[in-house]
Amino acid sequence: MVIEPADQYCRAIEAYLCRKNDGHLVRIVGPAFEQVLGWANRGVPIKIAFLGIDRYFERYYAKGPRRRPVRIEFCEADVLDAFDQWRRAVGIAANERLTPATEGGAAPADASERHHESLPAHLDRVIARLTTLRAGAERSLDDAIDAVIRELDARRTEAKSVRGAARRELIDRLRSMDGELLAAAERQCDPSTRARLGVEASEELAPFRDRLSGSAFDESHRAAVARLIREQYRLPVVAFED
């Protein structure tokens, strides 16, 4: 019997959910199967689906001891939210997907409906993340991380009241700092790591290959590799969306 890619996708999600549920198997059948099939039809990369499931479990654990196994239906919003973030990170426009009639499921929330933290809160969170990284075992980015922490710390007070052109200038600087930090991480990647991440990026973007021009696909591929490098070094996004 030949197993279709969509079935493989659903079974991989089922196996991952089983591991997250400490071995308790919750079968993905019926409406749940159609829901997960909708993720596959949208082009949600399997690792992004796993990320969305992880986010749901993080909140679930934060509420206290678990009382029952998590069903995949509960993870829908987090999976689509993670997909929306991934798509924007790699430059896949919202209209570069299958038609609503074939993709199934609810559409992810529009970016305008997403909650955005304040600029001061964003700086505090990034500083905290970078400080944690600075104390870890990986030391190759110490100088780059230290430079970002120092500048962000110096701008924290300014961020509370900055307005107009000065605010735009600060946000532009954050975008530049994000690029500088990511470039430092890219320089640490050896050829074999770059090749592995390139293959992984191609796999993530495969559902969109026929719907993007050659130049658009190349641009998205570069962005996908950069996202994977960020993930590998656990770097927060310094850039801020106003």
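Tutor: S220 is buried, with a relative accessible area of 3%; buried means under 20% relative accessible area, exposed over 50% and partly exposed in between, with a 1.4 Å probe and protein chains only. The model is a predicted one, in which local features need pLDDT of at least 70 and side-chain atom pairs count only at pLDDT 80 or more, while totals for chains, interfaces and linings use all residues. Residues are numbered from 1 along each chain as its sequence is written, and side-chain values use heavy atoms, with hydrogens and water left out.

S220 is found in helix α10, where helices (H or I, at least four residues) and strands (E, at least two) are DSSP runs numbered from the N terminus. Leaving aside neighbours within four places in sequence, S220 is in contact with V90, G91, I92, L205 and L212; contact means heavy atoms within 4.5 Å.

Helix α10 spans residues 214–233, and its axis comes within 10 Å of that of α8, the two crossing at roughly 80°. Axes are lines fitted to C-alpha atoms, for helices over the stretch in contact, and angles run from 0 to 180 degrees between N-to-C directions. The two helices α8 and α10 are therefore roughly perpendicular to each other, given that angles under 35 degrees count as roughly parallel, over 145 as roughly antiparallel, 65 to 115 as roughly perpendicular and the rest as oblique. On the α8 side, D178, L182, A185 and E186 meet A226, I229, R230 and Y233 of α10. By class, this contact of α8 with α10 has five nonpolar, no polar and three charged residues; Ala, Val, Leu, Ile, Met, Phe, Trp, Tyr, Cys and Pro count as nonpolar, Asp, Glu, Lys and Arg as charged, and the others, Gly among them, as polar.

In the segment after α10 lies R234. Phi of R234 is near 60°, a positive value in a residue other than glycine, and R234 is exposed, with a relative accessible area of 56%.

On another side, α8 (164–187) is included in what covers the buried residues of α7, as is α6 (119–134). Those buried residues of α7 are D142, I145, V148, I149, L152 and A159. Helix α7 itself bends by about 25° at D153, the bend at a residue being the angle between axes fitted to the seven residues ending there and the seven starting there.
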